[in-house]
Amino acid sequence: MVIVILKYTAPLERIDELLEAHRAFLRQGYERKQFLMSGPQRPRTGGVIVTTVKTKAEAERIVQEDPFLKEGAAEYQFIEFDAVWMDEGLKRLLESYGG
C-alpha cells in the first residue's frame with residue numbers, strides 16, 4: 001500500500017480555487033478503486049490519500065493527474081508499506097478491490 005502526503009505550496013486561496021478540480025480527481029480515484037480514504041490535514045497545511053496501489057511508482061503515476069500537482073500548488077511524499085495487520089472488514093474490502 002501507499003500513503004500519499006500532500007503539502008500545500010500555494011496560499012489557501014489558490015488551494016480553494018483548485019479544490020473542486022482536486023475533488024473530481026479524487027472521485028475518479030475512488031471510482032477506479034485506487035483510493036481508500038482521503039482528507040485535509042489539521043491544521044490545513046496539506047492532505048492525505050490512503051491508496052490501494054501496491055507501489056510508489058503507481059501512486060506517482062496516478063497523482064500526475066491531480067490539479068494540485070499540475071498547478072504547482074502542492075508537493076507530494078509517498079510512503080510505501082506492507083499492510084501486515086488490518087481489521088477484517090478492511091481486509092474484505094481490499095479483497096473486493098482485487099488486492
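**Exercise 1. Find how far apart the mean positions of the positive and negative charges of the chain are.**

Start by sorting the charges: Lys and Arg count as positive, Asp and Glu as negative, while His and the chain ends are not counted. Next, place each charge at NZ of Lys, CZ of Arg, CG of Asp or CD of Glu. The chain has 14 positive and 16 negative charges, and their mean positions are 2 Å apart.

A quick word on the model: it is predicted, so local features need pLDDT of at least 70 and side-chain atom pairs count only at pLDDT 80 or more, while totals for chains, interfaces and linings use all residues. Residues are numbered from 1 along each chain as its sequence is written, and side-chain values use heavy atoms, with hydrogens and water left out.

**Exercise 2. List the elements of the chain in order.**

Elements are DSSP runs numbered from the N terminus: helices are H or I with at least four residues, strands are E with at least two. That gives four helices and four strands. Read from the N terminus, the order is β-α-β-β-α-α-β-α.

**Exercise 3. Work out how S2 and S3 pair.**

Take S2 at residues 35-40 and S3 at residues 46-51. Two strands pair if DSSP finds at least two bridges between them; here there are five, in the antiparallel sense. Five residues sit between the strands, making a hairpin. For a landmark, look at Gly39, opposite Val48 in S3.

**Exercise 4. State what share of the chain is buried.**

Buried means under 20% relative accessible area, exposed over 50%, partly exposed in between (1.4 Å probe, protein chains only). Of the 99 residues, 34% are buried.
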